[in-house]
Amino acid sequence: MTSDTRPLSLNVPEPGCRPGNTPDFSGFEIPRAGAVPRPPVDVDPDAIRDMAFSIVRVLNKDGEAVGDWAGALSTEELHEGLRHMLLLRTFDARMLNAQRQGKTSFYMQHLGEEAVSCAFSRALEPGDMNFPTYRQAGLLIASGYPMVTMMNQIYSNAEDPLHGRQLPIMYSSKEHGFFTISGNLGTQFVQSVGWAMASAISGDTRIAAGWIGDGSTAENDFHAAMVFASTYTAPVVLNIVNNQWAISTFQGIARGGVGTFAARGHGFGIASVRVDGNDYLAVHAVAKWACERARRGHGPTLIEHVTYRAGGHSTSDDPSAYRSRREAAAWPLGDPVERLKKHLIAIGEWSEERHAQAEAEVLDTVRTAQKEAEAIGTLSAGKVPSPRDMFEGVYETMPPHLIRQRQEAGF
Amino acid sequence: MIEAIREAHDAAMAADERVVVFGEDVGFFGGVFRCTAGLQEKYGKSRCFDAPINESGIVGTAIGMAAYGLKPVIEIQFADYVYPAYDQIVSEAARLRHRSNADFTCPLVIRMPTGGGIFGGQTHSQSPEALFTHVSGLKVVMPSNPRDAKGLLLASIADPDPVIFFEPKRLYNGPFDGHHDQPVESWKSHPLGEVPDGDDIVPLGKAAIRREGAEVTVLAYGTMVFVAEAAAEETGVDAEVIDLRSLMPLDLEAIVGSVQKTGRCVIVHEATRTSGFGAELMALVQEHCFYHLEAPVIRVTGWDTPYPHAQEWEYFPGPGRVGEALKKVMED
């Protein structure tokens, strides 16, 4: 040891703001809308390395759609997008409340992140497959999955398509391109790559989309997914939803010393892009680009959706214990619903009155669905799945030991 | 046995283009034990290929492929290497059907060489079957000979649910009865070394009686089947040796029928003892055969230590130890 060698100390990163502090996002660099050019879909990932450090944005502060990535959606599609986000937000609010009323055990909302899954869904083709996390219900809502069925699943009632076996919100719908959700983090990311490899092996034209949160990028399966996607040029779009918080752990704990999550893709030679996750138009445009790239055989794309989890992690979480209550309001990328609304007003295709009317209609739709679901049952009342059901479907054919156990249980 | 496993792959790949094979070194080279030799050349690189050294990635991608509609048959190079994939196997492969109410299923075979007797030390000798029999939704299979290896592998590939397929690596090149100091025998001279052509299956969940006997039932699988047979011959105890072949589902009927007949039972496995599959077998024998038992059931197993290198034969439950147990269970 030389005389100038000092004892080492451990670096534990801290977020910029804790309860009681004033939120400060001044260090968070936000490029102006339209600043990032749209490369051709067959671009060499090496040629767009800067896109992993910038942010693709379409809507500017005045609500105008600007730059190369604008213009992909018709007015009708924008109206639809706004409606999907309103539906998801209202659905979330009603289900959160239902959980507090004891009608289900658990719920996870999307507040502030509605654009990510709602817009992405519209970039996929029928037959494509998402491998979602628990915060992409917009994929179902925007693809027309029946809301009553979602509620039946949340209530674990007799019409729950999963027969009460799964936690609330862990939906599954092959028909709607929505892989069965796991509660274990990151596992689905590498499965999406396998599904995409299977499509390529089979000479199919369908693609897969994997989803993971900022915190779970630290899981081994994230890295496995990246190396397999890279090696086999899998037709997959790999989405990181960076909502800044993994329960109480800020994104810096998973990100470590690298500048952005998207930059993780560089080591694998994967095209890596950051997008403004609160900008419906930007998410849709980048998703469309990445999906086309995958479908044409140019390989995987890693997309970091930069957004903010405005609510708690789940109904079991109280974020005021670890972050400032004012942080959500200070988040510089704003609110996705408000931004799309402002855009539609700016182009003369919307108004405050029409918005209020749309909100009322959406509330009515969600209430009607909720009444229908609750007429069947909730976790605490009404028709519930048979206990016999837990023994079914462990295997295609029930083996003798399970038959004996079911008899022993008396079902 | 290697050739039988290769033939099973070949037959399955020829019959069904959804069957794909991958794992570490399985493509061009044909696997470190040669179980997939020639498959890449015959069926092309997109149906038989090398994978990165990442077991959770191999299993995770295979689950995605199975959910797509393919039938992946993947190799984990040694059972000792499967642990990084445990989450994918337990939380995902085993659960897809149940949690999605069969919206998604996972017809997947995960093959892996298991067991010791090859001086592989603690990272090339383990028998982790109990880690998988404990998981609902998985099937667990372990053949003891080439004929069963082919038939059981074909049955596993045809199965609609995930199957963990253990291949006792000490049996790859011949029947091994634990007498490590004697010349290696080849499968050529053994009747079970004869493998029929075609794609006949050996059904999962059916045990085989390898040696009929009246005095004591020996429950064994994999390498221990031959060890038990040798112990019976060498001690003169008239043991009935049952080769379980499939641990999940388990042929309880065969076990109960035999133990009720003999009134005595010795359970043999190479894996460590505590919470090993032998504990489950012992519990089942107690539940179903208590009033027929003439003596306490005995387990002969690997010790509860890591699999040692230099002390391999002191660890391995060979015919000497099994013979002692047979004599003891007859005295009790």
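Is Ser189(B) buried or exposed? Ser189(B) is exposed, because 9 other C-beta atoms lie within 10 Å, and a residue counts as exposed at 12 or fewer. The model is a predicted one. The points below cover this residue, chain B as a whole, and the side of chain B that touches chain A.

- Ser189(B) sits in a loop of chain B, between strand S6 (163-168) and strand S7 (208-211).
- Pro175(B) is 14 residues from Ser189(B) in sequence, and their C-alpha atoms are 9.7 Å apart in space.

**Chain B as a whole**
- Chain B has twelve helices and twelve strands.
- The C-alpha trace of chain B spans about 60 × 45 × 40 Å along its principal axes.
- The radius of gyration of chain B is 19 Å, which agrees with the value near 20 Å that a compact globule of 332 residues would have.
- Of the 332 residues in chain B, 60% count as buried.
- Among contacts in chain B with a separation of 6 or more, 76% are between residues 24 or more positions apart.

**Where chain B touches chain A**
- On chain B, 37 residues are in contact with 36 residues of chain A.
- Helix H3 (55-68), helix H4 (86-93) and helix H5 (96-99) of chain B are the elements that each give two or more residues to this side.
- H3(B) supplies the largest share, ten residues.
- By type, the residues on this side of chain B are 16 nonpolar, 15 polar and six charged.

Conventions: Residues are numbered from 1 along each chain as its sequence is written. Chains are lettered from A and ligands numbered from 1 in the order in which they are written. This is a predicted model: local features need pLDDT of at least 70, side-chain atom pairs count only at pLDDT 80 or more; totals for chains, interfaces and linings use all residues. Helices (H or I, at least four residues) and strands (E, at least two) are DSSP runs, numbered from the N terminus. A residue is buried if 20 or more other C-beta atoms lie within 10 Å of its own, exposed if 12 or fewer, and partly exposed in between; C-beta atoms are placed from the backbone. Two residues are in contact if their C-beta atoms, placed from the backbone, lie within 7 Å. Ala, Val, Leu, Ile, Met, Phe, Trp, Tyr, Cys and Pro count as nonpolar, Asp, Glu, Lys and Arg as charged, and the others, Gly among them, as polar. The radius of gyration is taken over C-alpha atoms; the globule rule is 2.2 Å times the number of residues to the power 0.38.
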